[in-house]
Amino acid sequence: MNTGETKTVCVTGASGYIASWLVKLLLQKGYTIKATVRDPNDAKKTEHLLSLDGAKERLHLFKADLLEEGSFDAVVDGCVGVFHTASPAQISATDPQAEIIEPAVKGTLNVLKSCAKFPAVKRVVLTSSVASVRMSGKPLTSDVVFDETCYSDPLFCEKTKQWYPLSKILAEEAAWKFAKGNGIELVSIHPGFVIGPPLQPTLNVSIEFLLNIISGIEIPFVNYTFVDVRDVASAHIQAFEVPSASGRYCLVAHVADRTDTLKILRELYPTLSLPELGNPSDTKFQVSREKAKGLGITFLPLETSLKDTVESLKEKGFLKF
C-alpha cells in the first residue's frame with residue numbers, strides 16, 4: 001500500500017516547475033490532491049497535470065488568488081497536509097512591491113490563515129529558497145559554508161534591488177511568525193538553482209538561466225547552487241511524511257561555477273555549440289547538506305540533472321542542435 005492512500009493534501013501553485021513534480025510524485029504515492037492554479041481553464045497551465053498517472057481519479061483543480069484572504073479555505077478544508085509553493089518567480093518588475101513582494105508575503109499569510117481554520121491540517125511545507133539563507137552581503141570566500149542557521153539580510157537585498165530574494169526572506173519571516181502564533185506545524189524548504197526536466201510546457205526562470213549559460217548570455221551569478229527538481233519535490237514529501245522533520249532545510253546538491261557547468265555540458269554534448277570556458281571562480285562557497293540528509297535525500301549527480309534538462313529542452317524545442 002502506498003503511504004498516501006486515502007490521504008488528501010493541498011498543493012498551491014500546482015502548475016509551477018517544482019509543484020508539477022510534487023503533484024506527480026504525490027499521485028504516484030497514492031495521495032488525493034486538491035491543487036490550486038490561477039486559471040483552471042488555461043490548458044497550457046493544466047494539461048500536463050491532468051495527463052499525469054492517477055490525475056483523473058485523484059487530482060482536483062481549484063482557482064485561488066494569493067491576494068484574496070479566504071480564497072484557500074475550500075481547498076485546505078479536508079486536507080491533512082498543505083504544500084505552499086505558489087509565489088511569483090520573477091527577478092525584475094516595474095513595481096516590485098505589487099508584483100513580487102506583496103503576492104509572496106500576503107499569499108503565504110492567506111494560505112496559513114486558511115490552514116489555521118482547519119485543525120485536520122497536520123503540517124504545512126513552505127517552498128522558500130536558498131536566497132533567504134545566503135544573501136548577507138558579506139564577502140563569499142571558499143571557506144564560507146551556509147546552513148539552516150544562516151539568514152539573508154533584507155536591507156542588503158533592498159539596497160541592491162534584489163526583489164526575489166527579498167520576497168522570499170519576508171514571506172518566510174511572516175510564515176514562521178504566524179505559524180508559531182497559531183500552533184501550525186511548519187517546515188520550510190530552501191532549494192538553490194533548480195534544474196532537471198520540466199513537466200510544464202513553458203520555460204521558468206531557472207531553466208531560462210541555464211539556457212542563457214548555454215548560449216553565452218551573461219547572467220548575474222558567479223556560482224550556481226544547483227539542485228534537481230526531482231530531489232526538491234521528494235524533499236517536500238519527506239518534510240511532510242517524516243515525523244521528526246522540523247525547521248528549515250537547505251537543498252543544494254552542488255555549488256558550481258560557469259566553467260564547471262560548461263565543462264560538464266561539453267563532455268556530455270560535444271556537438272552543442274557552447275561559449276568559451278572563461279576563468280574558474282575563486283569565491284566558491286559551500287552549502288551544507290547535512291540536515292537534508294536527515295530527510296533521506298541523496299542528491300542526483302549534476303551530470304544527470306544537466307543531461308536530463310538538456311534532453312527535455314531539446315524535446316520541447318527550446319534547444320536545437
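Student: Why is C250 called buried?

Tutor: Before answering, please keep in mind that this is a predicted model. C250 has a relative accessible area of 1%, and buried means under 20%, so C250 is called buried.

Student: What makes S87 partly exposed rather than buried or exposed?

Tutor: The relative accessible area of S87 is 22%, and because partly exposed covers the values between the limit of 20% for buried and that of 50% for exposed, S87 belongs to the partly exposed residues. S87 is found in the loop between β4 and α5, where its contacts, leaving out residues up to four places away in sequence, are L66, A104 and K168.

Student: Why does S92 count as exposed?

Tutor: S92 has a relative accessibility of 60%, and exposed means over 50%, so S92 counts as exposed. S92 is found in the loop between β4 (81-84) and α5 (96-116).

Student: Why is α9 called roughly perpendicular to α13?

Tutor: The two helices, α9 and α13, pack at an angle of about 90 degrees, with their axes 12 Å apart. Angles from 65 to 115 degrees count as roughly perpendicular, and therefore α9 is described in that way relative to α13. The contact is made by I207, L210, L211 and I214 of α9 together with L306, T309, V310 and L313 of α13, and these residues divide into 7 nonpolar, 1 polar and no charged.

Student: Which elements do the buried residues of α9 pack against?

Tutor: Helix α9 (residues 205-215) has S206, I207, F209, L210, L211, I213 and I214 as its buried residues. These residues pack against α1 (17-28), β8 (193-195), β9 (223-228), α11 (258-268) and α13 (302-315). After α9 comes G216, with a positive phi near 85 degrees.

Student: What makes β3 and β10 the edge strands of the sheet?

Tutor: The open sheet is formed by 7 strands in the order β3-β2-β1-β4-β5-β7-β10, with parallel pairing. The strands β3 (59-63) and β10 (247-251) each pair on one side only, and they are the edge strands. From one strand to the next, the twist averages 20 degrees.

Student: How do you know that β4 and β5 pair?

Tutor: Strands of a sheet pair through backbone hydrogen bonds, either parallel or antiparallel. Between β4 and strand β5 (residues 123-127) there are 4 bridges in the parallel sense, and because at least two bridges are needed for a pair, β4 and β5 count as paired. Within this pairing, F83 stands opposite V125 in β5.

Student: Which strands does helix α2 touch?

Tutor: Helix α2 (residues 43-50) packs on the sheet and touches β2 and β3, with its direction at about 160 degrees to that of β3.

Key: Residues numbered from 1 in each chain as written. Predicted model: local features only at pLDDT ≥ 70, side-chain atom pairs only at ≥ 80, totals over all residues. Heavy atoms only, no water. Buried < 20%, exposed > 50% of the residue type's maximum accessible area, 1.4 Å probe, protein only. Contact = heavy atoms within 4.5 Å. Axes fitted to C-alpha atoms, helices over the stretch in contact; angles between N-to-C directions. Parallel < 35°, antiparallel > 145°, perpendicular 65-115°, else oblique. Nonpolar A, V, L, I, M, F, W, Y, C, P; charged D, E, K, R; others polar.
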